[in-house]
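Hi,

Here is the structure I promised to pass on. Have a look at it first, and then read on for what turned up.

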Amino acid sequence: MPKRWPVLEESTEKMLEKLHEVDPIMANRWHPNDRRKIQRSLEIYLETGKKASDIYEEQKPRRQVSPFSDQDFSNASIEKEPSTTSR
């Protein structure tokens, strides 16, 4: 059975060339030998038709808002339980 995206089976160098064509932002972000990240960025584009860099940019505002952002933990403390081992 042939692979759905043959380019994902190519050399890392060939995948990086293709990624430079479709998403230069992500291509410049990754080290040229980081096959896994290059392959994933290219796979995102092939599967969705959207550049990974655009998707990450859309998600950025949502990631910056934490459910704990309005809570102040500056006075929080963690108490250590006494040791149960004998000395």
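How many helices and how many strands does the protein have? It has four helices and zero strands, where helices (H or I, at least four residues) and strands (E, at least two) are DSSP runs numbered from the N terminus. Read from the N terminus on, the elements go α-α-α-α.

A bit of housekeeping before the details. This is a predicted model, in which local features need pLDDT of at least 70 and side-chain atom pairs count only at pLDDT 80 or more, while totals for chains, interfaces and linings use all residues. Residues are numbered from 1 along each chain as its sequence is written, and side-chain values use heavy atoms, with hydrogens and water left out.

How confident is the predictor? The mean pLDDT (the predictor's confidence in each residue, from 0 to 100) is 83 for the protein, and 67% of its residues reach 70 or more. Confidence is highest in helix α1 (residues 12-22), at a mean of 97, and lowest in helix α4 (residues 52-64), at 82.

Now the inside. Of the protein's 87 residues, 21% count as buried; that word stands for under 20% relative accessible area, with exposed meaning over 50% and partly exposed in between (1.4 Å probe, protein chains only). The largest nonpolar core has 14 residues, and those with the most contacts inside it are Leu 8, Met 15, Leu 19, Met 26, Trp 30, Ile 38 and Leu 42. At least two residues of this core come from each of α1, α2 (24-29), α3 (35-48) and α4. A nonpolar core here is a set of buried Ala, Val, Leu, Ile, Met, Phe, Trp, Tyr and Cys residues joined through side-chain atoms within 4.5 Å. As background, nonpolar side chains in soluble globular proteins tend to be buried together.

On contacts (heavy atoms within 4.5 Å): among those between residues at least 6 apart in sequence, 41% join residues at least 24 apart. Not counting residues up to four places away in sequence, Leu 8 touches Met 15, Arg 35, Gln 39, Leu 42, Glu 43 and Leu 46.

Is Thr 12 buried or exposed? Thr 12 counts as buried because its relative accessibility is 18%. Leaving out residues up to four places away in sequence, Thr 12 touches Pro 32, Asn 33, Arg 35 and Ile 38.

Two serines are worth a click as well. Ser 41 lies in helix α3 and counts as buried, at 1% relative accessibility. A polar contact of 2.9 Å joins the side chains of Ser 41 and Trp 30. Beyond the residues up to four places away in sequence, Ser 41 touches Leu 19, Met 26, Trp 30 and Ala 52.

Ser 53 has its place in helix α4 and is buried too, at 9% relative accessibility. Which side chain does the side chain of Ser 53 make a polar contact with? The partner is Asp 23, at 2.7 Å. Apart from its neighbours within four places in sequence, Ser 53 is in contact with Asp 23, Ile 25 and Met 26.

Last stop is Arg 40, in helix α3. Arg 40 is partly exposed, with a relative accessible area of 44%, and its side chain makes a polar contact with that of Glu 43 (3.0 Å).

Cheers

Key:
A polar contact is a pair of N or O atoms within 3.5 Å; within protein, one must be able to donate a hydrogen and the other to accept it, and residues adjacent in sequence count only if both atoms are side-chain atoms.
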